[in-house]
Amino acid sequence: MPKARTAPDMWMIGAVLLIMAAGLVMVYSSSAVLALREYGDAFYYLKRQLLFAALGIGMMIFMAGTDYRVWKKYALAVLVVCFALLVIVLIPGVGVVRGGARSWLGIGSFGIQPSEFMKLAMIIFMAKYLSDRQKEIAVFTRGLLPPLAIMGCAFGLIMLQPDLGSGAVMVGATMLIIYAAGARLLHLGALAGIGAAGLVGLIIAEPYRMKRITGFLDPWQDPLGSGYQIIQSLYAIGPGGLIGLGLGESRQKYSYLPEPQTDFIFSIWAEELGFIGGTALILLFLVLIWRGLRTAITAPDTFGSLLAVGITGIIAVQVFINIGVVIGLLPVTGITLPLVSYGGSSLTLLLTALGILLNISRYSR
């Protein structure tokens with residue numbers, strides 16, 4: 001293995017810090033009214049986000065200085081621990097229910113989401129498993145079926161919470177790794193068909209998911225029910241126009257748009273900063289994804305390459321789904337915008353993963 005470079009990818013660091021700094025400003029702007037009403041402190045969400053941002057940056061710096069190949073050794077152990085957490089969170093009285101899903105472990109207002117940990121653990125394990133079995137990946141039963149079974153078990157536990165958003169991100173990033181590892185397109189096409197059929201089944205099985213689909217197709221059919229979120233989101237984006245209403249001048253954050261600081265923070269962003277501001281944020285994400293893929297291409301070994309693909313995939317899939325939802329291109333799912341939305345577990349774990357990606361970039365050819 002070549003020696004590490006003196007510095008990680010500075011383009012990637014710059015994109016991460018710019019997105020996160022802008023996200024902190026927007027967390028305050030979007031949540032101040034809600035925080036003042038619920039907690040009597042307009043800075044409530046910002047202060048907590050700053051705490052998790054500091055913790056996350058510390059983890060990113062630590063991981064950027066830790067040889068990424070260490071994770072290959074502990075990949076299975078990390079995966080087993082995360083599976084255990086997914087089981088524990090389902091136990092009544094232990095797992096905390098928030099937003100209709102039993103997906104949190106913690107005390108009071110502080111908690112962690114095991115599904116967030118599982119996303120990173122699954123990526124690390126898949127990178128190890130597939131890098132060790134490159135010659136078998138083209139054979140369905142020996143190379144492709146075992147990792148799919150492991151991913152399916154994790155997805156099933158996440159759906160028992162239920163948390164379709166986190167499960168979808170994990171599956172999407174994992175499939176990108178499997179594709180990058182050399183899986184046959186015929187196999188992946190067949191799996192896509194089976195997955196689509198399974199998704200339809202999951203939607204039909206739960207009435208609230210079916211309402212989300214009908215609300216997506218025609219939100220005005222139920223403007224105060226299933227279509228409410230997307231209608232209010234579009235009411236935020238539309239008036240933003242080219243340059244926006246101005247930072248802090250959002251109207252929809254006054255108890256009209258649900259979850260303005262988490263799932264629909266991009267709506268407030270577009271309302272206050274307009275098309276230009278929204279485009280600038282998307283360009284920053286594209287820079288981050290570009291540098292992640294470049295790191296994957298230039299990584300010195302297969303494990304590092306697949307791990308970089310998976311981490312970049314988590315960001316890309318999550319950004320695509322979140323922005324797709326808030327502009328009405330996808331049905332509503334509970335997915336945050338990476339590095340921007342309020343959320344301790346998501347921010348800390350994502351910065352940790354980016355630290356690993358930065359370490360891989362130090363070995364780039």
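1. Basis of the values. The model is predicted, and local features need pLDDT of at least 70, side-chain atom pairs count only at pLDDT 80 or more, while totals for chains, interfaces and linings use all residues. Residues are numbered from 1 along each chain as its sequence is written, and side-chain values use heavy atoms, with hydrogens and water left out.

2. Packing of α4 and α5. Helix α4 (residues 114-132) packs on helix α5 (residues 140-159) at an angle of about 175°, the axes being 11 Å apart; helices here are DSSP runs of H or I with at least four residues, numbered from the N terminus, and axes are lines fitted to C-alpha atoms over the stretch in contact, with angles from 0 to 180 degrees between N-to-C directions. The angle makes α4 roughly antiparallel to α5, a term applied to angles over 145 degrees.

3. Leaving aside residues up to four places away in sequence, Leu337 touches Ile265, Phe266, Leu281, Phe285, Val319, Asn322 and Ile323.

4. Salt bridges around Asp132. The structure holds eight salt bridges, each a side-chain nitrogen of Lys or Arg within 4 Å of a carboxyl oxygen of Asp or Glu. In one of them Asp132 pairs with Lys72, the closest N and O atoms being 3.3 Å apart; Asp132 lies in α4 and Lys72 in helix α3 (residues 70-88), so the pair ties together parts that are 60 residues apart in sequence. Lys128 also forms a salt bridge with Asp132, with closest N and O atoms 3.0 Å apart, and the shared partners join Lys72, Lys128 and Asp132 into one network. Asp132 is partly exposed at a relative accessible area of 40%, as is Lys128 at 24%, where buried means under 20%, exposed over 50% and partly exposed in between (1.4 Å probe, protein chains only).

5. Lys119 forms a salt bridge with Glu116, the closest N and O atoms being 3.1 Å apart. Lys119 is buried at a relative accessible area of 5%, and Glu116 counts as buried at 9%.

Definitions and conventions:
Helix = DSSP H or I, 4+ residues; strand = E, 2+ residues; numbered from the N terminus. Parallel < 35°, antiparallel > 145°, perpendicular 65-115°, else oblique. Contact = heavy atoms within 4.5 Å.
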